[in-house]
Amino acid sequence: KEIEHAVALLCTKPYKTVRHRVVDEPERLGDFLYDFRAAFPNYEIYYRFDPYWETFLEAEQVPAIKAFSASLIRWLEEHSAEENQIIQQYALSFPKIRKFAVSLGRICDVAMEEECGLVGIGD
């Protein structure tokens, strides 16, 4: 039912495009986040998004995901000198990670505005 509701929301309000309501996790981002999980508050809630199955997070958990995305952006700003190392180890550039974090934060804003949870759809 939650996934059906999410799809219905994606299809409503034509002035909002789907890209403002969907975010794709870049490849290898999960590895990066796991390795640096201690630096990201609420990582344990974000980690519930299963890359292979559908996941639903209740509306009460959305602010925690929003805080997680903000902490990711903050980490990037504080560790700019480490970008080459992250690129070599995870094949992830900071702009790519930032784009994901900003998009995730925007989706959390929409979810909080609509008083909805978040749905994760795995591969």
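In this predicted model, lysine 66 has a relative accessibility of 29% and therefore counts as partly exposed. The side chain of lysine 66 forms a salt bridge with that of aspartate 109, with an N to O distance of 3.0 Å. Because lysine 66 belongs to helix 4 and aspartate 109 to helix 6, the pair ties together parts that are 43 residues apart in sequence. Aspartate 109 is likewise classed as partly exposed, because its relative accessibility is 36%.

A salt bridge also joins the side chains of arginine 98 and glutamate 77, at 3.9 Å from N to O. Here arginine 98 lies in helix 6 and glutamate 77 in helix 4, so the pair ties together parts that are 21 residues apart in sequence. Arginine 98 is partly exposed at 31% relative accessibility, whereas glutamate 77, with a relative accessible area of 53%, is exposed; the cut-off for the exposed class is over 50%.

In total, three salt bridges are counted. One of them links aspartate 31 and arginine 28, whose closest N and O atoms are 3.0 Å apart. Aspartate 31 has a relative accessibility of 39% and is therefore partly exposed; arginine 28, at 37%, is also placed in the partly exposed class. Side chains of opposite charge can pair when their charged atoms come close.

The largest nonpolar core comprises 29 residues. Phe32, Leu33, Ile65, Ile97 and Leu118 are the residues with the most contacts inside this core. Two or more core residues are supplied by each of helix 2 (29–35), helix 3 (43–46), helix 4 (62–78), helix 5 (83–90) and helix 6 (94–114). In soluble globular proteins, nonpolar side chains tend to be buried together. When residues up to four places away in sequence are not counted, isoleucine 65 touches Ile45, Tyr46, Phe49, Leu57, Leu104, Cys108 and Leu118.

Leucine 57 and leucine 118, both among the contacts of isoleucine 65, are also bridge partners, with leucine 118 located in strand 2. Strand 1 (residues 54–57) pairs with strand 2 (residues 118–121) in the antiparallel sense, over four bridges.

Terms used
Residues are numbered from 1 along each chain as its sequence is written. This is a predicted model: local features need pLDDT of at least 70, side-chain atom pairs count only at pLDDT 80 or more; totals for chains, interfaces and linings use all residues. Side-chain values use heavy atoms; hydrogens and water are left out. Two strands pair if DSSP finds at least two bridges between them. A nonpolar core is a set of buried Ala, Val, Leu, Ile, Met, Phe, Trp, Tyr and Cys residues joined through side-chain atoms within 4.5 Å. Buried means under 20% relative accessible area, exposed over 50%, partly exposed in between (1.4 Å probe, protein chains only). Contact means heavy atoms within 4.5 Å. A salt bridge is a side-chain nitrogen of Lys or Arg within 4 Å of a carboxyl oxygen of Asp or Glu.
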